[in-house]
Amino acid sequence: MEERIQEEKLNTQTGKKKKSRRNGFFFLSLLLTAMAMILLLVFYQSYMNSFREDKVQKVYDRYYVMIAPDRKSDFMQSVYKGAFERGEKDNIYIDLLGDDLPEDYTKYDLMRIAIDSGVDGIIIDADESEEMTGLLMEADLANIPVVTLLDDNTQATRCSFVGIGGYDVGREYGLQVSDIIKSLRREYFMTTEDAKEEDIAVIDVAVLVNSSEPSTSQNIIISGIKETIARTEQSGSKANLTLVSVDNSNAFSVEESIRDLFINGDVPGIIVCLDELTTTCVYQAVIDYNVVGEVSILGYYNSDTIINAIDRGAVYATIAIDTAQLGRYCVEALEEYNDMGATSQYFTADVTLINRSNVSSYVRKEEQDEQILESPSEN
Amino acid sequence: MNRFWNLPLRTKVTSVYILANFLILLVNIFLIIGINNMSREIELVYQDNRQLNELSVALDNVQDSMTSYLNSKTSDSLEEYYKSDQAFDSMVQELNDKITDRPFDRMEHNIKNMAQGYLDTVRQTIEAKRGRNVEKYRVRYEKASQEYNYISSYITALNQVQFKNNSENYNEMAAKFRSFERISILVVFFVIAGNVFVIIMLVKSIMKPLGKLADAAEQVAEGNLDAGQVEAEYKDEVGVVTDAFNKMIVSIRDYIEKLRQSMEAERTLKEKELTMEAHLKDAQLKYLQAQINPHFLFNTLNAGAQLAMMEGADRTYEYVQTVADFFRYNVKKQDKPVSIKDEVSLVDNYIQILNVRFSGDIKYEKEVDESLLSTQMPAMILQPIVENCVNHGIREMGDRGIITLKVFRQDNEVCISVKDNGKGMDEATIEDIMNGTLSVDRQKGDSNGIGMDNVIARVRIFTDDEDSIKIISEGEAKGTEILIYLPLETA
């Protein structure tokens, strides 16, 4: 009897265990189902949120546009970047107008579009043409402040000009030309036995200028070069400065014009380039026509290609322009004009000459600057 | 939770069924809503492009209607212009005016401003045309056309940008949609698995106690009442049946115990009764033995016979000698078979004693085949039969009573017949005698104590034949014949 009671007790205990296990399983399965449903809900919510997130955007207070015919060049992209970063600080959006448009509009068309679009400010690589003058006046009538960048229009009302000190650049080029002539002269006297002063050949210096637009800034650079060469000629250097017109009226014509210069056979000893594209094209032509060493290139702007070319000795020197500063000045000028109603008429960005002697230190400095710029974003 | 398991089966099954279906329904509704919303979002992806196409068409309409009016100056074209102007204007008003970091927002802003300028130019052109100011409307027409080109170009660009962006969105959405699909399938699978699990558990919770109950019932059916109690896990119908079963087992066990006890009591009682009967018989025997001590009687009678001979009383001597022979037979020959001759002699002695007692009233006839006298038979058979004939058949007949003893051969048997001409007996009495069911009292009397049932039983045992003894009587007052058949000894 006692055994039976014991057995029944044991059975009851086992039954209780089974019951609690069954209840556990029951709850577990319900929990699993609930979790699966919650998972679906969470996924659905995040899915729907991802659409909504798309719709929340940063809204800017002002809208400026930058118009430049060579907007795809490293130089202009760099200027734009500087302007854009400066604009971000004041909650201004700066567009490089024409980038998204299907047609390749001229800067006049783009200027008109900008005026019609009712932007809050325009930064334009202007010129002295009548059309540009008219458009600038139109913008003035529409109360849109305009800053001219690199090339000015002196006839119309614009709030400010941001560029580089053309005369200084010209002087730098002149000094470089003089240096090249001197080194050639030195080499002549050292290698020729009966060297005579009058036998020294006059070195041809070709300055490549844009044909399509009359540019004040290029004129200033050229006059700077001329004056400097004239001054240095007194010390013995002989140079024959010529202006070679480069056709920039349509796409690819710059490259073709430069090739023509080499094909004709009368290759000048020194070529001075006044923009980035010309520099790159001349550098490539010198390599292609195997005249490295015979032709000294004085370049413009410090793109990676040009810096590398200096490092290799294919380009004698180049003018490095603080493009970020150029962009920054443009935005600051517009901001000042919009806020105060007036601003400084003239801003110049810093220029630095880069040649073989300082190219490596320049590269190092640039890399350091880039690291400094990148590190906050990494954090 | 235990409350749920204790619910009635119908409620449990129904509630789990409803719960399972409800969960699946819930998931399905959710999936349908989710898929609907997503499909709607995906449909809306290219809505911007559709709107831009409509805007482009509206712009074309304005330009075309203006050109048409400038060409023909018809009122129809003017009406068309007004309509298209209104349509385009209302569309333009809906364009975004904010500057954001999304290119298409800025483009919309530009298009909106340009379109408003364009509409102004077009209105001025129309006005100039109506005022017939040829120079003015030509200049404005050219301006309007230029602006139209810019806007068209911008809309195309915006369309492209939007399309690119929307395509990316579409791809992203489609990918998410597919993941949603996969996760949905997974969730449906989980929910179904959960439901199946719950249902399996429910069925198990119902079937397991039933199975236990069935096993226990089978064991009980096989007679094992000690199979033990089946535990009722829940208080549902199965639990109730299990409890009832347990109680039933206990009841059956109790009932069987009681039955066994009563049977035991009955058996003891019967044993007691039998012992009593045996004792009684033993007492009767001892009493009879005490009454007749044959040796003493025989010696006494011998002494009497010798005395009678010495005194010359020959008849007395003969009588006492006969009595003495009679008792000697009783003393000697009871436990072994004897010859017919001995038995017949005993009957002769007995008749002689009776005739002395009753003054020769009994007529005794004897027809004996002498050759058969050596045949063996049990002792003390014929004398009790003759005694019965005397006592029950012819006692009251006086000197008319005749007893006939015959020993003859019949086929392969020796037949001994004892017949009287007394009062006979009916069939029922014969039957009772043959079956030994005649009451003891009726057999008693002044016999030597050996009853007919004893005689019949011994003859039957000796011959190993139920029919070896017969009683024949043709009815009241027609006498009785008792026939004994013995096997003929072939030796």
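The model is predicted: local features need pLDDT of at least 70, side-chain atom pairs count only at pLDDT 80 or more, and totals for chains, interfaces and linings use all residues. Residues are numbered from 1 along each chain as its sequence is written, while chains are lettered from A and ligands numbered from 1 in the order written.

I looked up the secondary structure of chain B and found 14 helices and 8 strands. These are DSSP runs, numbered from the N terminus (helices H or I, at least four residues; strands E, at least two). Of the chain B contacts with a separation of 6 or more, 71% join residues 24 or more positions apart. Contact here puts the C-beta atoms, placed from the backbone, within 7 Å.

Next came chain A. Its 6 strands E8-E7-E9-E10-E11-E13, in that order, form an open sheet with mixed pairing. Pairing takes at least two DSSP bridges between two strands.

I checked one pair. E11 (residues 317-321) of chain A runs antiparallel to E13(A) over 5 bridges. A:Ala317 stands opposite A:Asn355 in E13(A).

Last, a helix. H9 (residues 304-312) of chain A lies across E10, E11 and E13 of chain A, at about 145° to E11(A). Axes are lines fitted to C-alpha atoms, for helices over the stretch in contact, and angles run from 0 to 180 degrees between N-to-C directions.

Key:
Two residues are in contact if their C-beta atoms, placed from the backbone, lie within 7 Å.
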